[in-house]
Amino acid sequence: MAGRLTERAAAAIHLGYEDAERRGQSWFGPANLLWGVLQDPKAVAVAMLEAVGVERAVLQARLDGLLGADHGGGAEQLQLSPGTRRALELAYAEASQRSCKYVGTEHLLVGVAMEGGNAAELLASLGATVDRLRAALDALETRTAPGSAAPYEEVKGWMDGDMQSLRGRSILSMADLTPEQLQGILQKAEEFRQARLEARTLVDWKGRKSLALLFEKASLRTRVTFELGMRELGGVPIVLGPAEVGLGKRESVGDVARNLDRWVTAVAARVFDHNTLLELHRCSSIPIINALSDIEHPCQTLADLQALQQRKGRLDGLRIAWVGDGNNVLHSLMLGAAMLGASVIAACPAGYEPDPKIVSVARERARGGATIEIVNDPEQAVAGADAVYTDVWVSMGAEAEAEQRRAVFAAFRVTPDLMSQAAPNAVFMHCLPAHRGEEVTDAVLDGPASIVLDQAENRLHAQKALLALLLGP
C-alpha cells in the first residue's frame, strides 16, 4: 500500500486547501485538488496532461470558471468533501496497483479523473480520460531510470516541511499512520508540552474549529485531555454521552455521523465496538478519531511513546515487556512501537493473547530490527526489558468474566520482584485506571520507576498535536 507522498504531491494538496480557503468555500473539493496539482509546471501530472494534448493554462482557466471567484477570505470550517476523499483513496489505489511506495501528482491526477465529479467531467471534455492519462503515465514511467524511487519527483515523508498531510484524515488505528507521521506527531506533541510549560500559544483557532466527543464508555483521562486540549487550541469541544446520543439505539450510527458532519470539524469517539468507528467514518467526510474501541487505543499509544522518549531519550532499540491481557492497548502499542524501532514482548495467559492479525501487521511494519514476540511467561517477557507495561485484567464490558479472569491472571501481577528482573533503570507503565493489588502492587505503581502520570499528562499534549495536524491552521 502506498504510504508516502512525494514533495510535489504534498504541495499540491496544500495548495488545493489554500485555494478553497481563498475562494471562501466550505469544502475542499476535487476541483481544488486538481487546481493545486496544476500549480507546479514540473509535476508528472502536468507532463501527463501535455502528453494527451491538454494545455495547463487552458485547464486552469476552465477550473477557475468552475470554482468561481476569489472572495479573498477563508472559510471558517473548511472540510474535505466526500468526492475528494474518494479521489485520494483512488490515488492511493492507483499507486498500489503500480507497486509504488509513494503517491505522486500522477496518482492524484488519475484519482481525480476516476472520481467522476465536475473536475473529472472537465478533464474528459478536454480529452484527459482515465485511459488516456494512464497510457501517458505508462509512457513516462518507461523513461524513468532503473531503481529510481519515483519518476521525476523526490519522495518525501508525510510529515516533512509544513505540508501537514494528515489534514482531514481519520485515525482509527495506529496502522493508519506511517512511521514518519507517527514521529512527526510525537515531535509536535513535545512542542506543545514545552509551549504549555512556557505559557506560549502555538495554535489559536479562535473558535473556528469544533470537536464532538462521543462517549459510550465512562472516561477521566480521555474526556479531560480532549476537552481541555481543544479549548487550549482555541477550538470548541462538545461532549456527548450515552444519554444525549445513544449510538445505534436512540439513533443509528450513520444518522449521527451524517448530522455531525454538517456541524463540527471532527469527531473523537470512545466506543465499545470498533465497527461503530468504521460506520462513523463511512458516513461522514470529517476526521474521525479513535478515542478507544475494543480493538485499539491509538491515542494512548501516542502518549506512551512520548513518555518513553522523554525518559529514555529514544525509542529505537528499546525492549518493552507487556504483562497481562492481549487487549486493545497492546494492539496499538505493538503497531506504534514496532514502526519506530522498539520491540515488544507480550506475556499473556493462554487463550488471552493479542489478535494474530494485528501481531502480523506489527511485524510487517517493524523497523530497525524491532521484533514482536508473544509468550505465556511473565518472567521471560520482563527479563532485561527497558519498560514493563500492564493493564487491568477486567476491562469495561468484560465484567461478567471478572472472577474467571482474576483466577487466570493471578500469576501475571507486576510486583517489585518481577520488576527486579527488568533492565537497570527500567520504567513501569500503565494506561490507568489501575486496580491496585490486582495487575500491579502499590509499591510498583507508586514507586520511582513508575511513569504512569507522565503517560496520563501526555494524553493532553499528544492529542493536541494530533488535532492540530488533522484540522490544520
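Ala, Val, Leu, Ile, Met, Phe, Trp, Tyr, Cys and Pro are counted here as nonpolar, Asp, Glu, Lys and Arg as charged, and the others, Gly among them, as polar. The model is predicted, so local features need pLDDT of at least 70 and side-chain atom pairs count only at pLDDT 80 or more, while totals for chains, interfaces and linings use all residues. Residues are numbered from 1 along each chain as its sequence is written, and side-chain values use heavy atoms, with hydrogens and water left out.

A cavity is a set of points, on a 1 Å grid over the protein atoms alone, where a 1.4 Å probe fits but cannot get out; lining residues have an atom within 4 Å of a point. Grid points are joined across faces, edges and corners, and a volume is the space filled by probe spheres set on the points. By this rule there are 2 cavities of 30 Å³ or more, and the largest cavity holds about 80 Å³ of space. Its lining includes Tyr 17, Arg 167, Thr 265 and Pro 287. Two or more lining residues come from each of β2 (79–80) and α20. By class, the lining of the largest cavity has 7 nonpolar, 4 polar and 1 charged residues. Helices (H or I, at least four residues) and strands (E, at least two) are DSSP runs, numbered from the N terminus.

Two packed helices are described by the angle between their axes and the distance between the axes. Axes are lines fitted to C-alpha atoms, for helices over the stretch in contact, and angles run from 0 to 180 degrees between N-to-C directions. Angles under 35 degrees count as roughly parallel, over 145 as roughly antiparallel, 65 to 115 as roughly perpendicular and the rest as oblique. A crossing is right-handed if the near helix is turned clockwise from the far one by less than a right angle, and left-handed if anticlockwise. Contact means heavy atoms within 4.5 Å.

Helix α20 (residues 452–471) meets helix α13 (residues 298–312), with axes that come within 8 Å and cross at roughly 115°. The two helices α13 and α20 are therefore roughly perpendicular to each other, and their crossing is right-handed. Among the residues in contact are Cys 299, Leu 302 and Gln 306 of α13 and Asp 454, Arg 459 and Leu 466 of α20. This contact of α13 with α20 comprises 6 nonpolar, 7 polar and 4 charged residues.

Helix α10 (residues 221–232) also has an axis that comes within 9 Å of that of α20, at a crossing angle of roughly 50°. This pair, α10 and α20, is therefore oblique, and the crossing is right-handed. The contact includes Phe 226 and Met 230 of α10 and Arg 459 and Leu 467 of α20. By class, 7 nonpolar, 4 polar and 4 charged residues make up the contact of α10 with α20.

For helix α9 (residues 179–197) and α13, the axes come within 10 Å and cross at roughly 70°. This makes α9 roughly perpendicular to α13, and α9 passes α13 in a right-handed crossing. Residues of α9 including Leu 182, Ile 185 and Arg 193 meet residues of α13 including Leu 302 and Gln 306. The contact of α9 with α13 divides into 6 nonpolar, 4 polar and 2 charged residues.

Most residues other than glycine have a negative phi, and most peptide bonds are trans. Ala 199, in the loop between α9 and β3 (210–215), has a positive phi near 60°. A cis peptide bond, with omega about 5°, joins Leu 432 and Pro 433; Pro 433 lies in the loop between β11 (427–430) and α19 (442–445).

How values were computed: 1 Å grid on protein atoms, 1.4 Å probe; cavity = no way out; pocket = protein on both sides within 12 Å on 5 of 7 lines; lining within 4 Å.
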